[in-house]
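Here are a few notes to read alongside the model. Keep the structure open and find each spot as you go.

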Amino acid sequence: MKKYLFMMLVLLLYATTAVSQTVTVVDQETQQPLEGVNIFTQDRSLAQVTNSNGQAPISTFQGKENIIFSYVGYERATYSYEQILEMGNRIGLVQKPLTMSNIVVSASRWEQDSRETPISIARVTPDDIKLQNPQTAADLLGVSNEVFIQKSQMGGGSPMIRGFATNRVLLVVDGVRMNNAIFRGGNLQNVISLDANAIENTEITFGPGSVLYGSDAIGGVMSFSTITPRFSFTDEPMVDGSFLTRVSSANWERTGHFDLNLGFENWASVTSVTYTNYDDMRMGKNGPNDYLRQEFVRRVNGQDMVLDNDRATIQKQSGYSQLNLMQKFRFRPDENWDLRAGIHYSTTTDLPRYDRLIQRQNNGQFSNAEWYYGPQQWFMSSLTASYNAETTLFDRVKTTAAFQDYEESRNDRDFQDPNRRNRNEQVRAYSLNLDFEKSLNETSNLTYGLEGVINTVHSDAQVKNINTGAISPTSSRYPDGSTWQSYAAFAKYTNNLSDQWTITAGSRYNRYIIDASFSWSLWPQPFPLTMPS
């Protein structure tokens, strides 16, 4: 009997010791566990980070008087080891008033309070998205009322920040740059490839972000974060999601969307599907008559015919449809590692270029019988690994490898001309980022990293006679088989001198390598050395 009592006493003491060596950090109001809370001593000689259950081992902190609990958006708390034991190894953190809406990542590539950044940043929150219900990602950017969206047609949407557009403003999706080698100086609608219903948070940085992102961020950065897989906080799997249907009378939009999150203790997944069909746009009836679509062109019996539009407020030949798919996985093997994998796919039908279809010649005849973008397809797969542990070189490190495949085309044919010109482009983009963050002291930190990007461009063009089927070559938009490479190293130092003053300093080294060959058979040779008078 004494033997069994002794064993029970040992087990009880062991269980008590095990409990005392683990702390649980929760939200003071909701009592929900907080993942990613930084726990460290005042001299930062010891550090831990809470896992998905809000727990972290603290046996190494035994005897310490000042153990600090720090989490973005919450008041910092400091306790001694004995005080933590007296509170039952459960710490409740209090949210900072009005700061949860100010957490940004676009300014430093890491999560931080926007008050610590010297650049103006606008956010489009999930609540904003629910309230405004934007049809496309371009419309979502317009919700901020601080980004101008240029639209030449439905299916368009080129964001502009203070006059900068396309290859001077950077699109970032889940930490991966979306800009590629064929992002030119004109307007592009690639942002519509993103699913507005699967975006969790959007940040718009007004000001040069070239140190961290490169020269195509000289006008600003638009960073999109899609739905993140969420873990279960209990022993039971967490299954939740949302479903949306929408009908809009302006263009008879019919949208269906659903997303599903499946979460366990250490891994989770989220699936998102959206399909949208847009009919021809209907304009207001009280505008100038010049805007009315009185006539349109249609091919009838091998001839281009000008037909009357029985409803002049309907913008004939402007509708299209779109499909978006997303699958993401997340795995946390321990409290230090966070692994994320994501797949995005988007495709459209033909996108009519409405502004070209209404152009007329001096004699009043239509200029174009056809002008449309071919299906715009975008595929992206990415893998991100984050490691949180205080070392000599870093406190946090994150590496992101991604592959993207873009396909698009331009197709046009003059009125009463049987020859249709077709230009196809495909860009494959490979990227690798390595980001580090090191806290130097309580007020200053260092962000640095490496980046490599490789783009391969395939571009071809042809002219097809739609009556005879005869095909002849013509000049492509870009040199076929060309490559564009960028390799960079960067560093940024930030020091919060006070609540009112923050100083930053940064440097970036970039090396670009371009290899392109032109087909001389399609261009007159030699090129003129001087412009004709």
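1. One term before we start: a residue counts as buried under 20% relative accessible area, exposed over 50%, and partly exposed in between. Keep in mind that this is a predicted model. Now try it on Phe258: its relative accessible area is 36%, so Phe258 is partly exposed.

2. Where does Phe258 lie? You'll find Phe258 in strand S19. Together with Val239, Phe243 and Leu260, Phe258 forms a nonpolar patch on the surface, and the four share about 420 Å² of accessible area. Two elements give two or more residues to this nonpolar patch: strand S18 (238-248) and strand S19 (253-263).

3. The chain has 35 strands and 6 helices. Out of its 533 residues, 46% count as buried. The accessible surface of the chain is about 27300 Å², with 54% of that belonging to carbon and sulfur atoms.

4. On to the inside. In soluble globular proteins, nonpolar side chains tend to be buried together. Here, the largest nonpolar core has 43 residues, and Val191, Leu194, Ile204, Met222 and Phe224 have the most contacts inside it. Helix H4 (residues 137-142) gives the largest share of this core, 4 residues. There is also a second, separate core of 16 residues, with Ile58, Ile67, Tyr74 and Ala77 among them.

5. Which residues does Met222 touch, leaving aside its neighbours within four places in sequence? Its contacts include Leu141, Pro159, Ile161, Glu203 and Ile204. For the chain, residues 24 or more positions apart account for 62% of the contacts with a separation of 6 or more.

Key: Residues numbered from 1 in each chain as written. Predicted model: local features only at pLDDT ≥ 70, side-chain atom pairs only at ≥ 80, totals over all residues. Heavy atoms only, no water. Buried < 20%, exposed > 50% of the residue type's maximum accessible area, 1.4 Å probe, protein only. Contact = heavy atoms within 4.5 Å. Areas by Shrake-Rupley, 256 points an atom, 1.4 Å probe, with all protein chains shown as cover. Patch = residues over 30% accessible without salt bridge, like charges linked within 9 Å, V, L, I, M, F, W, Y side chains within 5 Å. Salt bridge = Lys/Arg side-chain N within 4 Å of Asp/Glu carboxyl O. Core = buried A, V, L, I, M, F, W, Y, C linked by side-chain atoms within 4.5 Å.
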